[in-house]
Every structure is written in structure tokens, then in C-alpha cells.
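Subject: Structure handover

Hello,

Here is the structure for you to look at. Please keep it open while you read the notes below.

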Amino acid sequence: MNLHEYQAKELLKKFNVPVQEGVACSSVHEAEEAYRQIKTQFGSPFAVVKAQIHAGGRGKGTIKETGINGVKVGKSIDDITEFSQKILGGTLVTIQTGAAGKVVNKILVTQDMYYDGPSERKEFYLSILLDRSKGQNVIIYSTEGGMNIEEIAHNTPEKIFKEWVNPSGGLLSFQARKIAFNLGLSGEAFKNCVKFVTNLYKAYVNLDCGMLEINPLFKAADDKIVAVDCKMNIDDNALIRHSDLASMSDTNEEDPTEVEAGKYNLNFVKLDGNVGCMVNGAGLAMATMDMIKLSGGEPANFLDVGGSANAQTVEAGFKIILKDPAVKAILINIFGGIVRCDRVAQGVIDAYKNMGNINVPIIVRLQGTNADQAKKIIDESGLKVQSAILLSEAADLVKKAVA
């Protein structure tokens with residue numbers, strides 16, 4: 001589950017991680033009030049307006065309708081009003097959103113951290129994520145932070161450092177000091193960085209993050225170390241332990257079909273192909289998508305119904321898949337272990353009748369418990385549903401359907 005910048009920063013503050021202060025706003029009026037509050041609190045006429053979407057590259061991104069960037073620095077309430085009007089409700093296109101972009105429903109009005117000369121300040125990069133190859137969390141950091149971090153990583157990889165954390169001991173104090181040292185810090189800035197990294201790692205672990213990125217990690221002119229921007233992803237599988245975090249999900253930022261699938265406990269990911277897939281089990285789903293490609297088609301989605309396939313879940317899966325106009329055929333591939341094939345077959349028939357006429361070919365491949373009975377149920381249904389037992393048979397039917 002992805003969080004907005006303003007949400008992530010509020011969570012970091014609970015772990016004593018210094019962040020760039022700001023106020024989330026949904027209207028121009030709220031933005032103006034936020035500016036007055038920030039100006040009074042920090043004594044500076046400068047403030048930053050940041051579009052809040054689940055994508056990076058906002059500073060370089062552009063609002064389609066107004067041509068303005070997704071992050072703007074203002075020095076008066078008139079600037080804040082103008083920027084808010086041009087960003088809120090607009091479609092922000094960045095390198096991560098693709099050409100379609102994302103609609104901006106909220107902005108964050110923040111303090112300006114660049115309150116002294118450039119010689120006294122410095123931008124770094126720091127992120128924490130799981131290195132699956134080592135089975136350890138890894139802290140990735142660099143002396144070169146900011147909007148061009150992707151170019152830095154590509155052109156000068158020697159400037160990217162990595163520190164792996166053994167799960168049995170957690171982040172050790174010498175590792176936090178090593179990070180501060182490699183960033184070239186000294187004195188008060190060094191001490192502040194050690195505290196920052198230590199508390200940030202605690203936040204990462206205790207919040208069950210999948211990824212936590214601070215870019216830029218900022219050294220201010222007074223040697224404070226501050227998270228100016230934050231991207232946070234919470235492991236969906238851990239939300240059972242964080243009911244308070246689950247409520248922070250912004251479904252407006254997610255694919256509508258994926259949101260709908262979640263209501264039926266279906267694991268769904270939309271892809272760009274022409275063959276819809278409905279499978280039980282992630283491994284079988286991956287193999288099914290490979291088979292579709294070998295047959296000359298392209299998978300239109302990843303849909304795992306798990307071990308509880310029935311008429312309701314199958315019907316929900318049909319409806320979700322058929323919302324994609326590019327789908328030319330639907331392949332249902334079920335291995336009957338936990339779930340009996342005859343029950344799935346009956347679920348397919350019931351769902352088909354409930355939905356009425358379905359205008360794309362449906363291929364059902366059932367193998368495992370009661371597979372023969374399942375094939376008989378489908379063949380005798382009188383509906384336009386093709387059955388297969390072998391994967392090769394299903395592949396041939398898919399090939400004909402998309403030819």
C-alpha cells in the first residue's frame with residue numbers, strides 16, 4: 001500500500017524522524033491558510049506547494065492543463081494562490097505516471113528548507129528496502145540526492161553506497177555512524193545524521209514497510225538533518241497488524257479494477273494484453289501467462305482466485321476482466337486440490353448464466369480433483385464455453401481465439 005508524502009511524514013514524526021513541516025490541503029482556501037500558518041511559524045515568506053500523487057518525479061513533471069510543474073516555490077500568498085489553482089484538480093504527468101498522468105486531489109504546502117546560502121546546505125539520498133537475494137534489509141544511500149538520482153545511479157554507480165542489516169541484530173550503531181561518515185558529515189551534522197538513520201530504520205521495521213525512500217535527505221545550514229520528501233510503501237500482508245494504516249489507503253490513486261477485485265479478495269493486476277486469465281495460485285498464474293505468450297497471445301491481467309473459487313468469485317472475475325475492451329478471450333486455468341474442479345465448473349456455468357451473453361470465447365482448463373466430472377458439466381451445459389484437460393489443449397484453443 002502506497003502512502004502520500006504528507007501521510008508518510010506524519011508517521012515518521014511518531015518515530016522522532018525530523019521532516020519538512022507542512023499542511024495537506026484540498027482547496028485553494030486551505031492552501032492560503034496553510035501559508036499563513038507556515039509564515040508565522042517559521043518567519044519566512046517562502047513556502048513550497050507540492051502535488052500529492054503516488055508517483056515520483058513531481059518536480060520535473062507537468063500539469064497537463066496549465067503547464068506548471070508539480071512542485072513550486074512561492075514567496076507570497078499570491079504565489080501560493082496561483083500555484084494551488086493551477087495544480088489542484090489538474091493531471092500531473094511525470095516519468096513514473098506515463099502519458100496518462102494522475103489527477104491531483106491534494107497538495108502539501110510546506111516550509112522552505114533552503115533558508116540559507118547554497119554553500120551551507122546539501123542534498124543526499126537514502127532509502128531502505130528488502131534485498132531478497134540476501135534475506136536482509138539494505139540501506140541504499142548517496143552523497144548525490146535530489147531530482148537526478150536516477151541519472152547518478154546510472155552514470156556514476158560508485159557514488160551509491162549500500163549497508164546491509166542483519167535481521168538478528170538490527171541496525172547497529174557503528175553502521176549508522178558509517179553512513180554518516182560516507183556522506184561526508186562531521187560535527188553536529190554527523191550526530192544528527194546518526195540519530196536520523198537510527199530512527200528511520202526503527203520506523204521502517206515497526207511500520208512493516210516494503211520500501212522507505214528519503215530524497216532528498218537534507219542537511220540544512222544549521223546542521224539539521226531533515227526528510228524533505230518521503231515515499232513510503234506498507235507491506236499489504238502486514239496490514240492486519242496496522243488497522244490504523246489500512247484506513248490511509250487512497251483508492252483514487254489505484255487502478256479501479258484492482259480496487260474492485262480487492263473487495264472480492266481477488267489478487268488482480270492489470271496488464272496490456274488480449275487474453276484474460278483466471279487462475280488459482282500465483283505459480284500457476286505465472287505459468288499460464290507464459291503459456292498464453294507461447295500461444296501467440298498476450299496476458300491481459302494476472303488474476304488469482306486462490307483456493308476459494310465459487311460462482312460469486314468467478315462471476316466477479318468475469319466482470320473485472322471484461323471491463324478491458326482489449327480482451328479477445330478468457331482462459332480459466334484451475335488445478336483442483338483445495339477446491340474441487342466440478343464446483344469450479346458449476347461456478348463458471350452459474351456465473352455465465354447470471355451475466356447473460358458474453359461476447360468473447362471462454363476456455364476452461366480444469367485438472368485435479370473431479371476434473372472429468374467438471375469437463376462433463378461444461379460440455380453438457382450448452383453454453384459457449386470450451387473445456388480442456390491438458391495445458392497443451394488449452395494453449396491450442398487460446399491460439400485459435402486470438403488468431
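In which helix is Glu 151 found? Glu 151 belongs to helix α4, residues 149-155. Helices here are DSSP runs of H or I with at least four residues, strands are DSSP runs of E with at least two, and both are numbered from the N terminus.

Before the rest, some notes on the source. This is a predicted model, in which local features need pLDDT of at least 70 and side-chain atom pairs count only at pLDDT 80 or more, while totals for chains, interfaces and linings use all residues. Residues are numbered from 1 along each chain as its sequence is written, and side-chain values use heavy atoms, with hydrogens and water left out.

Glu 151 is partly exposed, with a relative accessible area of 44%. Buried means under 20% relative accessible area, exposed means over 50%, and partly exposed is in between, using a 1.4 Å probe and protein chains only. Leaving aside neighbours within four places in sequence, Glu 151 is in contact (heavy atoms within 4.5 Å) with Lys 60 and Thr 156. From Glu 151 to Ala 388 the C-alpha to C-alpha distance is 50 Å, and the two are 237 residues apart in sequence.

Helix α3 covers residues 77-87, and its buried residues are Asp 79, Ile 80, Thr 81, Phe 83, Ser 84 and Ile 87. These buried residues pack against α2 (28-42) and against the strands β3 (47-51), β4 (62-63), β5 (71-74) and β8 (107-111). Just after α3 comes Gly 89, with a positive phi of about 85°.

Nonpolar cores

A nonpolar core is a set of buried Ala, Val, Leu, Ile, Met, Phe, Trp, Tyr and Cys residues joined through side-chain atoms within 4.5 Å. The largest one has 41 residues, and Leu 12, Leu 126, Ile 139, Leu 200, Met 232 and Ile 234 touch the most other members. Among the elements that each supply at least two residues of this core are α1 (5-13), β9 (122-131), β10 (136-142) and α6 (187-206). Helix α6 gives the most to this core, with nine residues. Which residues does Leu 12 contact, leaving aside its neighbours within four places in sequence? They are Val 17, Val 19, Leu 200, Ala 203, Leu 212, Ile 214, Cys 230 and Met 232. Apart from this core lies another, of 34 residues, including Met 278, Leu 303, Ile 334 and Ile 378.

Salt bridges

Side chains of opposite charge can pair when their charged atoms come close. A salt bridge is a side-chain nitrogen of Lys or Arg within 4 Å of a carboxyl oxygen of Asp or Glu. The whole structure has 17 salt bridges.

One of them joins Glu 5 and Lys 50, whose closest N and O atoms are 2.9 Å apart. Glu 5 lies in helix α1 and Lys 50 in strand β3, so this pair ties together parts that are 45 residues apart in sequence. Glu 5 is buried at 3% relative accessible area, and Lys 50 is buried at 6%. Glu 5 also forms a salt bridge with Arg 58 (3.0 Å, N to O). Arg 58 lies in the loop between β3 and β4, so its pairing with Glu 5 in α1 ties together parts that are 53 residues apart in sequence. Both Glu 5 and Arg 58 are buried.

Asp 208 and Arg 241 meet in a salt bridge of 2.8 Å, N to O. Asp 208 lies in the loop between α6 and β12 and Arg 241 in the loop between β14 and α7 (243-246), so the pair ties together parts that are 33 residues apart in sequence. Asp 208 is buried, with a relative accessible area of 17%, whereas Arg 241 is exposed, at 59%. Elsewhere, salt bridges that share partners join Glu 5, Lys 9, Lys 50, Arg 58, Glu 213, Asp 229 and Lys 231 into one network.

Asn 274

Asn 274 lies in the loop between β15 and β16 (275-279). Is Asn 274 buried or exposed? Asn 274 counts as buried, at 17% relative accessibility. Not counting residues up to four places away in sequence, the residues that Asn 274 touches include Gly 297, Pro 299, Ala 326, Lys 328 and Val 402.

Regards
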